[in-house]
Amino acid sequence: MANKKEQGNGRAGLLPALKEQAGSSGCLERGAMSAVCGRLGLPLNEAFGVATFYSFLPVSPVGKNVIRACRCLPCDLKDAGAVIAAIRQELGIGPGQATPDGKFSFELVGCIGACDQAPAIMINDRVYGELTAAKVAGILKSY
Amino acid sequence: MAQKRIVLGNCGAVDPQSIDSYIARGGFKAFFKARDKMKPAGIISEIKKSGLTGRGGAGFSTGLKWELARNARGNEKYLICNADEGEVGTFKDKYLLSGDPFGLVEGLAIAGLAISAKQAYIYLRQEYRSINGLLTGAIAQAAERGYLKHMDITVFEGAGAYICGEESALMNSIEGRRGESRYKPPFPPQKGLWDMPTIINNVETLMNVPHIINKGADWFSAMGTARSKGTKVFSVSGDVSRPGVYELVMGSCLRELLELAGASDTRAVQVGGAAGSILPASLLDTPLSHETYLGSGAVVALNSTRDIIDAVHNDLHFLNDESCGKCTPCREGTEVMLEIYGRLKSGDGHQHDLAALEDLARAMAAASLCGLGQAAAVPVLDSLRYFYNDYIDRINQSHFLRSYLGGELFTIEEAIR
């Protein structure tokens, strides 16, 4: 049955495979996507289409540690702006950029589900809540 | 009225890593009852009779959904737990999953019996990856005890897309596609994951199930309003001194919830996330239920120092970012709305912007493919309705700025400088 086959070895494996690749190499380069598609029997454009849809599947280089600062309403009300400004100042980069040494990259994101600890950021998989501009430097130094 | 902790009852009381501590508090009793003493049709009729509705926002009858899936033809049937909690201001599922993962596993196990699913997925948003281990552990422990002989449960991690909380986008995501919404009908109970009958329930919905099986439909339906039974778990944030998760009987009023969370000087409340209603302080006595305002139970309080237009601008920034881009009303509508709010904010608003916002909002509500675009209109229309003077003030400021600056386009910041 076509559905079953698709489920078993093709499409359904795409997102987990791309995530695994992004987890190990940071960014999804053409060669890596091509290899994943070859394994799953899919054309390359499928991988590119899927990767560019999801925010955790970067197709351009990201830092070793990815900082995701929430700028949605609950965090914004608790002065997420000051936290974002502190990150910007500390690292010398703006949202969408990576530090020259490749250690950090920085993004502004939608709600990360830590509104009770607003303002909050994520660095990789870890959430830091109840932030102030003053706390930012110490947190970044621990990486 | 105080909180009524039913769904939250085990959070903090059980060790989320130990199935024995869950069993010691009566865990899996409902599962045994459903497995040994009830037929699938009996489980479904109990859930239907209880009046349990979807806790993710849409509020559809859970029992009816199960019945449709049970009666649909298909070689396989799938069960999905929607743990892609991405609505702005919502964090209750994170709290439930980390405090009581076995409660969800038991709910899934019972739902699986009811529709004869052999495979279940928990679609967990990537931002909640840190809970994945806890969930996988809970599933493994339940399987080891022999409670999951009828069905496998797999945790499927998302990859960062708000829209994947929309059920058809979620299924596309599991299938390895872009998380774009599908045209409906067919609805998932007829044709869902891999075109097979599928039910998709929110975390909180499934965690109500063991309680209903244990205590009966009548116990459950005695709580709440005509169309909203049981309790609801709320996530409260914003200008409150005790932000957090609160569980109240359906139909409790907004004022009560805000008092529990320590809100003061409240000017407005957004209920249901970025695409939720914006209510003025004069409506704080509104009961919270499917009949009025509820959504996913996100409540963000704004005090009197807050600017409503800035808040809606923030909402639209989010919705515009997260629109999947498949249908034109949502893709283009959120873009234009964001642009208009940007102008209002920077001091270049015009009276005709308000009519444009209203037109756009109505078109999007009527013509968007899924809930995101349809509901994006809500904060816009609500704020126009309840906070019209804020818009007029902004536009008057804009008129002044333009005349002061001789018609040149400047932002407020530049003008002040």
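In the predicted model, the contact between the two chains draws 43 residues from chain B and 30 residues from chain A. On the side of chain B that touches chain A, helix H8 (167-174), strand E5 (231-238), strand E9 (298-303) and helix H12 (308-322) each supply at least two residues. H12(B) gives the most, with six residues. By class, this side of chain B comprises 14 nonpolar, 15 polar and 14 charged residues.

H12(B) also packs within its own chain. Its partner is helix H13 (residues 328-346) of chain B. The two axes lie 9 Å apart and meet at an angle of about 150 degrees. Angles over 145 degrees count as roughly antiparallel, so H12(B) is roughly antiparallel to H13(B). The crossing of H12(B) with H13(B) is left-handed. From H12(B), the contact is made by Ile309(B), Asp310(B), Val312(B), His313(B), Leu316(B), His317(B), Leu319(B) and Asn320(B). From H13(B), the residues are Thr334(B), Glu335(B), Met337(B), Leu338(B), Tyr341(B), Gly342(B), Leu344(B) and Lys345(B). Across the contact of H12(B) with H13(B), eight residues are nonpolar, five are polar and three are charged.

Strand E1 (residues 78-83) of chain B runs parallel to E4(B), and five bridges join the two. Within this pair, Leu79(B) has Ile199(B) of E4(B) as its bridge partner.

Chain A is divided into two parts: domain 1 covers 2-51 and domain 2 covers 65-141. Taken over C-alpha atoms, the centres of domain 1 and domain 2 of chain A are separated by 30 Å.

Definitions and conventions: Residues numbered from 1 in each chain as written. Chains lettered and ligands numbered in written order. Predicted model: local features only at pLDDT ≥ 70, side-chain atom pairs only at ≥ 80, totals over all residues. Pairing = 2+ DSSP bridges. Helix = DSSP H or I, 4+ residues; strand = E, 2+ residues; numbered from the N terminus. Domains from an automatic or database assignment. Contact = placed C-beta atoms within 7 Å. Nonpolar A, V, L, I, M, F, W, Y, C, P; charged D, E, K, R; others polar. Axes fitted to C-alpha atoms, helices over the stretch in contact; angles between N-to-C directions. Parallel < 35°, antiparallel > 145°, perpendicular 65-115°, else oblique. Left-handed = near helix turned anticlockwise from the far one by under 90°.
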